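Open the model in your viewer and keep the selection tool ready. This tour goes from one stop to the next, saying what to select and what is there.

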Amino acid sequence: MKIKVCGMKYGENIQEVSALKPDYLGFIFYPKSPRNFEGEIPEIDENIKKTGVFVNAPIDFVVEKINQYGFKAIQLHGSESVAYCQELNSYDLDIELFKVFSIKDEFDFSVLAPYEPFVDFFLFDTKGKDKGGNGYTFDWSVLKNYPSKKPFILSGGIGVAEIEKVKEILKTELPIYALDINSKFEVDGVKKDVNLLHQFFKEIKGECV
């Protein structure tokens with residue numbers, strides 16, 4: 001099971017978290033977010049896929065950040081259209097593309113079908129007042145109606161307290177590709193707690209890290 005740690009902001013913390021060897025590290029480019037990233041990303045293990053997270057950003061801005069930071073994945077966390085995803089694909093940027101959809105108690109999965117040719121993974125997050133980082137889970141039972149074979153990333157309020165719940169859903173036949181974690185591991189603002197992350201990694205990946 002792959003793990004993405006999102007909302008990275010501070011250089012030393014980025015290096016501490018990268019030492020745990022997550023599969024993805026997410027950097028948010030959204031001025032309204034307390035995790036909005038500015039500055040330079042320190043050198044990290046090349047096997048960790050740096051991921052840029054955007055909310056209804058102009059495509060030129062997304063492409064600029066891909067080139068600036070060497071992103072290997074892009075997460076679209078707004079109301080980006082199918083045409084937007086298709087256009088971003090046309091740039092031949094050699095990136096993985098995640099399209100986020102927010103869920104609370106129900107969801108119309110039919111809206112996903114037009115996106116399928118243009119994205120690599122869907123990401124399901126909790127619908128809340130903020131664009132991510134709301135700190136609570138949605139009703140995962142909704143996912144039993146997921147009609148697609150397209151792999152998806154599970155997000156939204158996942159922390160150490162959710163480990164057993166995560167293990168249960170991973171036993172299902174749902175095509176869960178990765179877990180996306182963020183706010184439940186934060187201390188001192190938006191800095192990530194490395195000890196808590198280590199505990200989570202060990203439980204989910206079943207190995208010492």
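A residue counts as buried under 20% relative accessible area, as exposed over 50%, and as partly exposed in between, with a 1.4 Å probe and protein chains only. This is a predicted model: local features need pLDDT of at least 70, side-chain atom pairs count only at pLDDT 80 or more, and totals for chains, interfaces and linings use all residues. Residues are numbered from 1 along each chain as its sequence is written, and side-chain values use heavy atoms, with hydrogens and water left out.

**Stop 1: a buried charged pair**

Select Glu186. Is Glu186 buried or exposed? Glu186 is buried, at a relative accessible area of 19%. Helices (H or I, at least four residues) and strands (E, at least two) are DSSP runs, numbered from the N terminus.

**Stop 2: another pair, then one further out**

How many salt bridges does the structure hold? There are 11. Select Glu80 and Lys99 for one of them, at 3.4 Å from N to O. Glu80 is in the loop between strand 4 (73-76) and helix 3 (82-90), while Lys99 is in strand 5 (residues 96-103), 19 residues apart. Both Glu80 and Lys99 are buried.

Next, pick Lys171 and Glu168. Their side chains meet in a salt bridge of 3.2 Å, N to O. Lys171 is exposed, at 64% relative accessibility. Glu168 is partly exposed, at 46%.

**Stop 3: Asp23**

Move to the loop between helix 1 (11-18) and strand 2, where Asp23 is found. Asp23 is buried, with a relative accessible area of 18%. The side chains of Asp23 and Lys205 are joined by a polar contact of 3.0 Å. Such a contact is a pair of N or O atoms within 3.5 Å; within protein, one must be able to donate a hydrogen and the other to accept it, and residues adjacent in sequence count only if both atoms are side-chain atoms. Which residues does Asp23 contact, leaving aside neighbours within four places in sequence? They are Met1, Lys2, Ile3, Asn47, Ile48, Lys49 and Lys205, where contact means heavy atoms within 4.5 Å.

**Stop 4: the rings**

Colour the aromatic residues. The structure holds 25 aromatic pairs. Rings of Phe, Tyr and Trp (its six-membered ring) pair if their centres lie within 6.5 Å; planes under 30 degrees apart count as stacked, over 60 as edge-to-face, and the rest as tilted. Select Phe101 and Tyr115: they are edge-to-face, 5.3 Å centre to centre, with 80 degrees between the planes. Phe101 lies in strand 5 and Tyr115 in the loop between strand 5 and strand 6 (121-126), so the pair ties together parts 14 residues apart in sequence. Phe101 is buried at 11% relative accessibility, and Tyr115 is buried at 11%.

Phe101, Phe107, Phe109, Tyr115, Phe122, Phe124, Tyr146 and Phe152 form one aromatic cluster.

Terms used. A salt bridge is a side-chain nitrogen of Lys or Arg within 4 Å of a carboxyl oxygen of Asp or Glu.
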